[in-house]
2 protein chains.
Amino acid sequence: MTDTQSTKRAKLEPKYELLYWPGMPGRGEYVRLALEAAGVPYKDTTNESKEGISSLLGIIGRDSVTAPDEPPVLAPPILRVLDSPLLISQTPNILLYLGDHENLAPTDGDKYLVHQYALTALDLGSEAHNVHHPIGISLFYEDQKPESLRFAKEFRGLRIPKFFGYFDKIVKYNRSKYPESNYLVGEKISYADTTVWQVVDGVSHAFPKKIEELRKEKEFEALFGWFDGLKGEEWLKGYLESKRRLPYALGIFRHYEELDVDQ
Amino acid sequence: MTDTQSTKRAKLEPKYELLYWPGMPGRGEYVRLALEAAGVPYKDTTNESKEGISSLLGIIGRDSVTAPDEPPVLAPPILRVLDSPLLISQTPNILLYLGDHENLAPTDGDKYLVHQYALTALDLGSEAHNVHHPIGISLFYEDQKPESLRFAKEFRGLRIPKFFGYFDKIVKYNRSKYPESNYLVGEKISYADTTVWQVVDGVSHAFPKKIEELRKEKEFEALFGWFDGLKGEEWLKGYLESKRRLPYALGIFRHYEELDVDQ
């Protein structure tokens, strides 16, 4: 898809409504990337209008008395399937739905491989969040900084290499079966690709020095090769240059210089 | 299913092999409970023999060179579907598979509701683990105790009520549609029931004073009513009394008295 097509596409009648905290990629980004890869038009409600946030808060705050026809939702991201009663939450669950309905996952046993890889990437994303919030999400980073510094050392030294080593293996595993493929499962893009890509991009934003070091060591060359290759695809290039891609902010992936180097 | 049936069942030809760290319920328990609810025979390899652990370590340690036909696995639990090439990891993914293949989830849009509820319960389970390991999983609890005490205060005061309030809502939501049902989605047991049940049981083990207090306040009566009701079902009673149910140990749900009360 060219950039012009990508811009046009966003103006078509939306098929889905994404509800997430405005002004940051966050967990909403896993959903956005899947929708973008599928080339399906969607409404990003809280970012498209200032009043959008009230739709989100309304859904989170209600109970079975105020909304007897829709299941309770604990937290965003939320995907509303327009022209249907479906209101889906929990990031891996939204991705599962999009895999099934937007051709972003195989229909055979490999669908569980896609889910497995995406779940593992989301786990690393959650740990990257816990680095700056090890004690509690109701507190500011500044109120848990000594704990963050301890966690960051473990995260950079053990966790990033463990997960990146795993992602590197899955690139090699698929390539051993499909030598021409630059995707993680089979020969087509899936939400495993978009999710692992976003986590590697987010961790690279938060810990640029650590990632630069890993790239130089060439230990995870298959992974970085896959990552750079996907980034070069027209649909992703077009999206990353569009206004729909929000800059990293105070979300999951945050860059604090002191967390990226030994103190 | 009676207790005698339950004992007999475990001796039938296994259909699945569960691979998890031995000697504790841990994340393996979410899989065990789903298999028990489905009444399907399985092999719990690491708990059934001392040599079982080497099967698990072999799978985690290998790469695409040593096992070109099986996808890489980061961590247990792992479910091997016997008489098939499938090797599935990531707890929610294993549950998804069992939902699809062992009649533990609906086949319509409500399957996403089951996954959503199970994922949310697993999130609370992970947070309960992070209470005693806020800084790093490579460290002992004793080496991160001050941080644990801070996290525990937030967990007891904000996180348990938030999640339990949500689970209470989902019990009420399903009951508003199916007044006679004591399940979370529709009128049949699903892996949402087994997973939320295990998390409520685990949190009750780790924070008994906090849960006693919540039970007395009667704020989450629907949830505790559902929990106690499920515990009274024959299959679960039989399982809980069997040797297959392992006592809580140094896994996700740990009871440290100092984390259960204000210091």
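Some ground rules. It is a predicted model, so local features need pLDDT of at least 70, side-chain atom pairs count only at pLDDT 80 or more, and totals for chains, interfaces and linings use all residues. Residues are numbered from 1 along each chain as its sequence is written, chains are lettered from A and ligands numbered from 1 in the order in which they are written, and side-chain values use heavy atoms, with hydrogens and water left out.

Let's start with chain A. Chain A has 11 helices and four strands. Those are DSSP runs, numbered from the N terminus: helices are H or I with at least four residues, strands are E with at least two. The radius of gyration of chain A is 19 Å, close to the 18 Å that the globule rule gives for 263 residues, so chain A is as compact as a globular protein of that length. That radius is taken over C-alpha atoms, and the globule rule is 2.2 Å times the number of residues to the power 0.38. The C-alpha trace of chain A spans about 50 × 50 × 35 Å along its principal axes.

What share of the residues in chain A is buried? The figure is 57% of the 263 residues. Buried means under 20% relative accessible area, exposed means over 50%, and partly exposed is in between, with a 1.4 Å probe and protein chains only.

Now contacts, meaning heavy atoms within 4.5 Å. Take the contacts in chain A with a separation of 6 or more: residues 24 or more positions apart account for 71% of them.

Look at one helix, H10 of chain A, residues 221–231. Its buried residues include Trp226(A), Phe227(A) and Leu230(A). Which helices do the buried residues of H10(A) pack against? They pack against H7 (145–177), H8 (191–206), H9 (208–217) and H11 (234–241) of chain A. A reminder on helices: an α-helix has 3.6 residues a turn, so residues three or four places apart point the same way.

Next, Gly99(A). Find it in helix H5 of chain A, residues 91–101. Gly99(A) counts as buried because its relative accessibility is 3%. Leaving aside neighbours within four places in sequence, Gly99(A) is in contact with Leu104(A), Ala105(A) and Tyr191(A). Val114(A) is 15 residues away along the chain, and its C-alpha atom is 8.8 Å from that of Gly99(A).

Over to chain B and Arg32(B). Arg32(B) is in helix H2, residues 28–38. Is Arg32(B) buried or exposed? Its relative accessibility is 0%, so Arg32(B) counts as buried. Its side chain makes a polar contact with the side chain of Glu29(B), at 2.8 Å. Another polar contact goes to the side chain of Asp44(B), at 2.7 Å. A polar contact is a pair of N or O atoms within 3.5 Å; within protein, one must be able to donate a hydrogen and the other to accept it, and residues adjacent in sequence count only if both atoms are side-chain atoms. Beyond four places in sequence, the contacts of Arg32(B) include Tyr20(B), Tyr239(B) and Arg244(B).

Now some backbone geometry. Most residues other than glycine have a negative phi, and most peptide bonds are trans. Pro76(A) and Pro77(A) are joined by a cis peptide bond, with omega about 5°. Pro77(A) lies in the loop between H4 (52–61) and S3 (78–81) of chain A. In chain B, the bond from Pro76(B) to Pro77(B) is cis, with omega near 5°.

Lys218(B) is not a glycine, yet its phi is positive, about 60°. Lys218(B) sits in the loop between H9 and H10 of chain B. Its relative accessible area is 52%, so Lys218(B) is exposed.

The rule finds two salt bridges across the interface. A salt bridge is a side-chain nitrogen of Lys or Arg within 4 Å of a carboxyl oxygen of Asp or Glu. One salt bridge joins Glu147(A) and Arg150(B), with the closest N and O atoms 2.9 Å apart.
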